[in-house]
Amino acid sequence: MTNHWVDIRNANMILSMGGNSAEAHPVGFRWVTEAIEHNKAKLICIDPRYTRTCAVADYKAFIRTGTDITFLGGLIHYLITTDQIQREYVLHYTDASLLVREDYGFEDGIFTGYNPDNHSYDDKSSWMYELGDDGYALRDMSLQHPRCVYQLMREHYSRYDIDTVSSICGMPREHIEHIWSEIGKMAVPHQTMTILYALGWTQHSIGSQIIRTAAMVQLLLGNMGMPGGGINALRGHSNIQGLTDLGLLSQLLPGYMSLANAKEQDYSAYIQKRAKQPILEGEVSYWKNYEKFHVSLMKSWFGDAATEDNNWCFDWLPKLSKPLYDVLDTFERMHKGELTGYFCQGFNPLASFPNRQKVTEGLSRLKYLVVMDPLNTETSEFWKNYGEYNDVDSSQIQTEVIRLPTTCFAEDDGSITNSARWLQWHWAAAQGPGEARPDTRIMGELFIRIRDLYREEGGVFPDPILNLDWDYDIPEAPSSEELAQEYNGRALVDLTDDNGNVTRRAGELLSSFSEMTADGRTASGCWIFSGAWTQDGNQMARRDNSDPYGTGNTLGWAWAWPANRRVLYNRASADTQGRPWGKEKAFVWWSSEQGRWVGADIPDFPVTSDPALGQGPFIMQPEGVGHFFAGQSMVDGPFPEHYEPFESPIDNNPLHPNNPLAKNNPAGRIYDEDRKALGTREEFPHAATTYRLTEHFHFWTKHARLNAVVQPEQFVEISHQLAEEVGVVAGDWVRVSSNRGFIKAVAVVTKRMQPLRIGDRDVHHVGIPIHWGFTGVAKKGYLINALTPVVGDANTQTPEYKSFIVKVEKA
Amino acid sequence: MTVNVTRRQFFKLGAAGVASSSMAMMGFAPESAEASVRHFKLTHAKETRNNCTYCSVGCGVLIYSHGDGSKNVRQEVFHIEGDPDHPVSRGSLCPKGSGLLDFVRSEGRLEYPQVRAPGSSEWKRVSWDEALDKIARYIKDDRDANFVERDDNGGTVNHWTTTGFLAASGSSNEAGYITHKVVRNLGMVAFDNQARV
């Protein structure tokens with residue numbers, strides 16, 4: 001979330017799309033209700049189904065799954081052509097005025113630089129601003145230059161007229177017109193719309209670009225950095241935000257730093273590429289400090305072994321020989337028998353990864369599998385026969401499986417980071433059952449054993465193992481307190497200011513990442529978490545819920561990264577002279593008396609930067625402004641474009657009917673074998689989408705009796721029309737199949753599902769809740785990922801769980 | 001002397017006036033009413049602040065457990081409710097969070113390390129030492145056999161691709177941090193968490 005849960009109450013309008021927060025985040029949704037009740041806010045809900053969020057919305061519309069870019073691109077077209085934009089904001093806080101290189105182009109669905117053989121944009125050089133002799137981007141503040149971002153954007157979305165949108169999305173014109181005109185009202189400076197989304201946007205082959213389109217809408221309306229505005233990802237797991245922040249992804253390091261690729265052999269070039277310098281004069285471009293954060297990480301991991309002479313152990317970190325070793329790549333290689341071992345720490349891939357059959361075959365080709373979990377997961381028993389629910393022959397599976405019991409949240413100390421970036425500390429209430437152990441201890445015990453083996457036997461490249469800094473009181477069981485202080489960071493020697501005064505004693509905890517240095521004097525395991533545990537103690541454990549400005553901003557409750565800021569880009573909540581855009585939206589503003597930024601939040605900005613200097617509010621960007629034009633940061637184009645899901649219920653991309661290369665995301669993630677496993681709409685005519693229910697959490701709560709009682713049995717939702725077509729009534733069993741597998745479930749026949757008119761025919765949707773499996777106390781059910789295709793978003797590799805095709809028939 | 005009076009009748013008596021309530025004081029208390037003057041069950045419980053483990057709202061919860069916290073005394077969680085001070089949840093829990101106790105005490109909780117041998121159709125209980133020694137040996141053998149120090153172009157890569165690791169976004173930041181520190185410095189790159197899906 002750029003903003004936070006309570007801040008939703010400050011919105012004047014709420015767009016819920018790609019998520020169903022009333023069902024999946026019910027307690028967070030109370031702040032939507034609060035905005036409706038006490039701020040006269042309007043709620044708009046757009047979804048393939050009539051959801052619980054739709055049920056309380058002022059305006060609602062059905063949309064065909066996977067067509068959200070079309071709807072939002074049409075909205076961009078509408079806002080521009082009707083001139084309903086926050087003009088001052090767009091002019092000064094976005095890249096609208098910057099000129100793009102002359103060789104950039106877009107033709108029939110394909111951007112410049114595409115290599116069809118590799119299914120990728122191999123040459124993105126044209127996706128860039130035109131730079132002047134001084135190295136800064138050229139701009140035209142009149143927004144009239146044909147190659148300024150504003151004009152290119154206007155032209156790009158001119159194709160997204162209302163009839164096109166209606167035909168692709170399956171949404172009647174009058175619904176679209178009404179919703180667009182309501183949203184257009186939010187272009188005034190003193191009103192804001194917030195956007196709430198979840199996996200209904202991410203789990204598409206175009207997922208990242210859907211979210212970008214939404215961000216573009218918010219920039220046009222001047223809603224980023226505003227209270228009651230922003231783009232708010234309602235994340236799934238309790239600490240999925242924290243694990244992302246800590247960089248537990250194949251190509252990342254903590255704090256959104258990244259591993260070098262194999263071509264990056266030179267340390268200074270590695271740093272230089274990431275330490276982005278301003279491309280507009282005088283901008284902050286905060287990533288220019290990258291080396292301070294990187295060296296602090298290396299000191300945290302390798303202590304005295306990391307020195308300037310060895311480039312702070314740059315070569316000890318693994319380098320990537322290909323861009324990604326993500327789960328799609330890993331299970332592809334596992335399926336080919338190229339993996340020896342695999343670890344699942346609190347993760348149930350048999351249930352969570354696409355094409356369950358492929359996952360089973362992959363796991364069966366491992367030499368060993370280690371599962372660490374509080375629960376008896378399906379993955380840990382993938383080798384065990386559960387009849388039709390898991391039809392395997394144990395004797396043919398040669399994988400050794402080692403299962404380790406772990407404690408759960410109620411049995412360990414530590415922090416979790418919620419969707420609003422709040423790190424909240426919790427305490428253990430009891431020991432775990434039996435011999436269960438915390439994950440921290442298991443990792444400690446394992447590391448000590450591995451290090452001992454390398455000490456005793458030697459082995460390949462032992463340096464990073466033998467030198468890993470491991471100064472914990474009990475080496476086998478590092479405490480959460482020690483680990484939290486380690487990621488916060490500390491001074492390794494006395495730190496001094498320019499006059500030689502000591503500002504921080506050696507050994508003291510840092511108060512912020514601003515204290516970090518690139519010369520090895522500081523250590524920190526995750527720079528963005530710096531400030532979480534300072535000399536003043538554990539900031540994550542704070543419990544002051546006071547709200548002195550009445551904005552819902554409780555700066556004394558827990559601690560938020562970065563630097564306890566609760567609304568990102570909050571400098572943009574004030575105009576170019578530093579005054580709030582509206583009285584009721586006053587949040588962070590310039591005080592000329594104090595010569596600093598003040599207000600209800602910690603300014604996300606250099607605190608003494610006078611507005612007269614004109615520094616832009618988006619301090620992480622080299623231009624200081626928000627991006628309509630993504631430059632080279634996305635792999636599939638600088639402007640979002642609609643592409644059909646890889647399994648689509650229609651024959652072509654209506655925007656590019658004669659270009660098969662542009663039917664699906666040209667840079668989407670798919671392997672040849674998985675492409676062969678895609679179905680055709682003739683055989684599988686129904687559009688399918690997966691989702692969660694309010695009574696359940698993924699595949700965990702089928703182990704909890706109360707949840708199993710209230711929602712005991714697997715079902716799918718279909719419309720009355722589809723039920724009639726396939727000859728079933730409510731309560732009948734149906735078989736739902738894709739080209740990869742099948743499930744059986746009870747049919748819930750409901751008006752909440754409606755066929756949508758796409759082009760010249762009706763498309764039926766099937767709603768598939770995800771929660772059942774073959775372990776737990778609920779009735780046994782089928783893992784629904786038997787159905788889903790192995791297709792990933794081009795940028796994040798997130799599988800396309802929200803749009804695929806199936807066939808529904810009477811079981 | 002005991003008079004058999006049901007709990008409901010007893011309260012009716014109580015409502016009737018001082019006379020009947022003084023009867024109770026004189027020893028006419030029903031068996032079930034004795035329960036009603038028992039201390040509130042949370043009074044002697046340990047209260048622990050925590051957060052819901054499910055979605056990312058991060059609702060505050062209060063966990064109540066028995067046991068005095070001394071060594072070798074097992075705490076037992078018996079009640080979980082919303083934390084009224086929490087600025088987001090203000091004491092509420094959703095249908096998921098309301099069932100947290102049944103997750104903590106689920107019969108599906110694992111209690112002991114176990115191994116399933118190749119080709120077997122059942123688990124065998126093992127000790128922690130046996131399980132961890134076995135895993136450490138697997139890691140070292142595979143790492144030593146398949147670690148790549150230099151790629152075909154002679155560039156340093158120092159990575160290990162034949163073992164992969166999925167980390168848990170239901171675990172704490174501290175568990176995530178130590179996991180990253182260990183896994184990455186073994187050279188592992190096939191490393192992801194739920195954020196990928």
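Q: Two strands pair if DSSP finds at least two bridges between them. In this predicted model, what is the bridge partner of Leu423(A) in strand 23 of chain A?
A: The partner is Trp559(A).

Q: Why do strand 16 and strand 23 of chain A count as paired?
A: Pairing needs at least two bridges. Two bridges join strand 16 (residues 422-426) to strand 23 of chain A, so the pair meets the cut-off. The two strands run antiparallel.

Q: What makes strand 15 and strand 23 of chain A edge strands?
A: The open sheet has three strands, in the order 15-16-23 of chain A, with antiparallel pairing. Strand 15 (414-417) and strand 23 (559-560) of chain A each pair on one side only. That makes them the edge strands.

Q: Which helix packs on this sheet, and which strands does the helix touch?
A: Helix 6 (residues 173-185) of chain B packs on the sheet. This helix touches strand 15 and strand 16 of chain A. Its direction makes about 95 degrees with that of strand 15 of chain A.

Q: Into which domains is chain A divided, and how far apart do their C-alpha centres lie?
A: Domain 1 covers 6-98 + 128-233, and domain 2 covers 660-810. Their C-alpha centres lie 27 Å apart.

Q: How many residues does each domain of chain A give to the contact?
A: Domain 1 gives 21 residues and domain 2 gives 31. Residues count as in contact because their C-beta atoms lie within 7 Å.

Q: What classes of residue make up the side of domain 1 of chain A that touches domain 2 of chain A?
A: That side has six nonpolar, 12 polar and three charged residues.

Methods
Residues are numbered from 1 along each chain as its sequence is written. Chains are lettered from A and ligands numbered from 1 in the order in which they are written. This is a predicted model: local features need pLDDT of at least 70, side-chain atom pairs count only at pLDDT 80 or more; totals for chains, interfaces and linings use all residues. Helices (H or I, at least four residues) and strands (E, at least two) are DSSP runs, numbered from the N terminus. Two residues are in contact if their C-beta atoms, placed from the backbone, lie within 7 Å. Axes are lines fitted to C-alpha atoms, for helices over the stretch in contact, and angles run from 0 to 180 degrees between N-to-C directions. Domain bounds come from an automatic or database domain assignment. Ala, Val, Leu, Ile, Met, Phe, Trp, Tyr, Cys and Pro count as nonpolar, Asp, Glu, Lys and Arg as charged, and the others, Gly among them, as polar.
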